[in-house]
Amino acid sequence: AGRAGPTVAAIRGRVPWNAAPEEALRAATSWLVGRVGPDGRFAYDTLPVTGVGTAEYNAVRHAGAVAGLYELAGSPLLQPLADEARAAADLGLGWLDARLRELPPARGVPGTPEPRGVPHGSDVPGAAPAPGRVVPLAVVDDEGFAAAGTAGFTLLAHLDGRRDARIEAGLGAFLLDSIDADGGVRTGVQLGAGDGDAADAEGEHPWFPGIVLLGLARGASLGGPPQWLEAARRVARNRIEEHRGGRPVPDHWTIQGLVALHRASPDPELLRAALSMADAFLDGQIDAAGLSEAQRDYVGGFIVPEDL
C-alpha cells in the first residue's frame, strides 16, 4: 500500500537518485503520507526488496513521523503537499492521543533518590494530586511501556499541530519527571498489570535525551512553564559535557534542541556546542571507502560502517 514512486525504486535498485533537495523532500513526504492508514498507523517498516513488513509496531517511530510531518507541513518547500502532510499528521496524532494515560507514581529504579512522579504528580506517591499539580501524561504502547522519546515527539507534534493545553502540560510533566538532577533522561516507565503499578525502566536510550531537550525547549519558546526551560538547560549541559568528554553524538535531535534552547533563552555557548556537534556528526558520515557493493545503500548516512 502507499505510493512508492522514485524513492522506493532508488532503494530497490541501489541507484543514487540525483534529485534537487526540494524534489527529494517532496518525494519523501509523498511517500510518507501514502504510508498512513485510516486508523493513523504508519506502514513504516515494509522491506524494500520483498514489500512485506512485520507485525510489531513502534510508538516512538510513529510519534517521530507525526512530528516530522507537521514540521514538513510548515515548510515553504513542500507546497503543494502541505495540506496532505497535515491531514496525515492529524490522523497520526489521533492515534497517539488515543493512547495517552495518566501515570501513577512509579516505584523508581533501585539506587535512585526519588521515585518518578513526586515533583509534578502527587506530593505523596499513591495520593491524589495536590491542588495545582499537573498529572503526568504519556503515550503507552502495546507492551504497556511509556517512553520518554514518544512523549517528546508527541509534545512536538502538538506544538506544531493541534494545540491542547492539558495534553501539553501533562506530557511536559512526564518529561520533567524523566530527567534527573544531572540532566540524564530515563528511558521511560513500564506499567504493570495492577492499578498504580509502574516502575521506571533502567538505563538511558541514546536518542531520547535529544528528543526530550528539543520538545521542552520548543515548548518553552511557545509559552511553556519556566520549569521546562530549566529542565532543558540541565539536559543541554549534560549533552554538552558528554560531547566534550569525547562521547560520539548519537543523534541530530540534540543539535536541534540546543538551537531551540538558544532561541528560547539566548546563549552563544549553546550555538558553539551545536556547531561542534554538527561538525563531529558530519565527520561520521559514511563514504564508499571500505564498503562492499551490498553496503552502498548506506553512503551518505550516519551508521558506523562496522555496524553494517
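**Figure 1. Burial of helix α5 in the predicted model.** Helix α5 is mostly covered, with 12 of its 13 residues buried. The model shown here and in the other views is predicted. The buried residues of α5 are Ala148, Gly149, Thr150, Ala151, Gly152, Phe153, Thr154, Leu155, Leu156, Ala157, His158 and Leu159. The helix covers residues 148-160 and reaches 19 Å from its first C-alpha to its last, close to the 18 Å expected at 1.5 Å a residue.

**Figure 2. Packing of α5 on α7.** Helix α7 comprises residues 208-221, and α5 packs with α7 at an angle of about 30°, the two axes lying 8 Å apart. Because angles under 35 degrees count as roughly parallel, α5 is roughly parallel to α7. The crossing of these two helices is left-handed. On the α5 side, the contact is made by Ala148, Gly149, Gly152, Phe153, Leu155, Leu156, Leu159 and Asp160. On the α7 side, the contributing residues are Phe208, Ile211, Val212, Leu214, Gly215, Leu216, Arg218 and Gly219. By class, the residues of the α5 and α7 contact divide into 10 nonpolar, four polar and two charged.

**Figure 3. Crossing of α8 and α9.** The view takes in helix α8 (residues 226-244) and helix α9 (residues 253-264), whose axes come within 10 Å and cross at roughly 135°. That angle makes α8 oblique to α9. The crossing of α8 with α9 is left-handed. Helix α8 contributes Leu229, Ala232, Arg233, Ala236, Arg239 and Ile240 to the contact, and helix α9 contributes Thr254, Leu258, Leu261 and Ala264. Seven residues of this contact are nonpolar, one is polar and two are charged.

**Figure 4. The cis peptide bond at Gln79 and Pro80.** Gln79 and Pro80 are joined by a cis peptide bond, with omega at about 5°. Pro80 sits in the loop between α3 (59-73) and α4 (82-97).

**Figure 5. The chain from which the close-ups are taken.** The secondary structure of the chain amounts to 10 helices and five strands. The chain has 308 residues, of which 44% count as buried. Among contacts in the chain with a separation of 6 or more, 62% are between residues 24 or more positions apart.

Terms used. Residues numbered from 1 in each chain as written. Predicted model: local features only at pLDDT ≥ 70, side-chain atom pairs only at ≥ 80, totals over all residues. Heavy atoms only, no water. Helix = DSSP H or I, 4+ residues; strand = E, 2+ residues; numbered from the N terminus. Expected span 1.5 Å × (residues − 1). Buried < 20%, exposed > 50% of the residue type's maximum accessible area, 1.4 Å probe, protein only. Axes fitted to C-alpha atoms, helices over the stretch in contact; angles between N-to-C directions. Parallel < 35°, antiparallel > 145°, perpendicular 65-115°, else oblique. Left-handed = near helix turned anticlockwise from the far one by under 90°. Contact = heavy atoms within 4.5 Å. Nonpolar A, V, L, I, M, F, W, Y, C, P; charged D, E, K, R; others polar.
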